[in-house]
Amino acid sequence: MDKRNIRNSDATSWEEVILIYTSALKAIETKLEILNNEFQHVHSYNPIEHIKSRIKTSSSIVKKLKKNGHEATIENMVEHVNDIAGVRIICSFTSDLYAVAEMLASQSDLEVISVKDYIKSPKPSGYRSFHMLVRVPIYLSNRIESVKVEIQIRTVAMDFWASLEHKINYKFEGNVPEHVRNELIECADKSAELDAMMLSLNEEVNQIKVEKQE
Ligand code: 0O2
């Protein structure tokens, strides 16, 4: 990582920008913890298996800016790189991930900028995940900053697949042989079938529990 690659084009320093993005991650994490605790209290159930969050490294930021034809400046990174702050939410079932997305989107201080549903429309690679780009307000001593955070919500199975695909891509430096790509697509389809079967099984079992209580 070499933050010196990023030209400081205004008074805002790299450290200040990263501090603001780190605060935005914390704000989203707190929201998710509250939702999960409340869900556990009301339904005796956790929709969220676990959460991973990260700040993009400066070298990845510079790479993304250059790839998209932008000069590496702090202004450009704030404007053009949407995933400087990223949160990945892993759920057991697809129903949980849509519930979590809805709960977040309905919070009045969160502005949803865009939504990409790669579950309803998977990428050609087989990638499935629900992406939301949001803005969260961060209250600083002298101003309020509205900070972009990319939220990826997926099931355990989707996450397992994405990690393997990422590893394979890295190993082949992007030039994955066709037969491996095809097998990955097959894995993604089977994984989606498994998600659907487990969701339906879970719903069936929940129904039995409800009938017993009546
Ligand atoms: P990393 O290393 O994961 O942080 P944008 O992010 O807006 O510039 P794009 O393509 O419009 O670019 O965004 P999109 O499609 O919403 O995807 C962004 C992120 O989703 C990627 O981040 C990955 O994390 C994940 N992703 C998208 N497609 C795939 C895929 O085919 N396989 C895997 N494993 N992950 C994928 P980055 O930028 O790649 O970086």
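View 1. The model is predicted: local features need pLDDT of at least 70, side-chain atom pairs count only at pLDDT 80 or more, and totals for chains, interfaces and linings use all residues. Residues are numbered from 1 along each chain as its sequence is written, and side-chain values use heavy atoms, with hydrogens and water left out.

View 2. A polar contact is a pair of N or O atoms within 3.5 Å. An oxygen atom of the ligand lies 2.7 Å from a polar side-chain atom of lysine 116. For tyrosine 118, an N or O atom of the side chain is 2.7 Å from an oxygen atom of the ligand. Alanine 162 takes part through a polar backbone atom, 3.2 Å from a nitrogen atom of the ligand.

**View 3. Helices α1 and α4.** Helix α1 covers residues 14–43 and helix α4 residues 94–105; helices are DSSP runs (H or I, at least four residues), numbered from the N terminus. They pack at about 120°, with axes 11 Å apart. Axes are lines fitted to C-alpha atoms over the stretch in contact, and angles run from 0 to 180 degrees between N-to-C directions.

**View 4. Residues between α1 and α4.** Lys31, Leu32, Leu35 and Phe39 of α1 meet Val100, Met103 and Leu104 of α4, where contact means heavy atoms within 4.5 Å. By class, six of these residues are nonpolar, none is polar and one is charged.

Methods
Helices (H or I, at least four residues) and strands (E, at least two) are DSSP runs, numbered from the N terminus. Ala, Val, Leu, Ile, Met, Phe, Trp, Tyr, Cys and Pro count as nonpolar, Asp, Glu, Lys and Arg as charged, and the others, Gly among them, as polar. A polar contact is a pair of N or O atoms within 3.5 Å; within protein, one must be able to donate a hydrogen and the other to accept it, and residues adjacent in sequence count only if both atoms are side-chain atoms.
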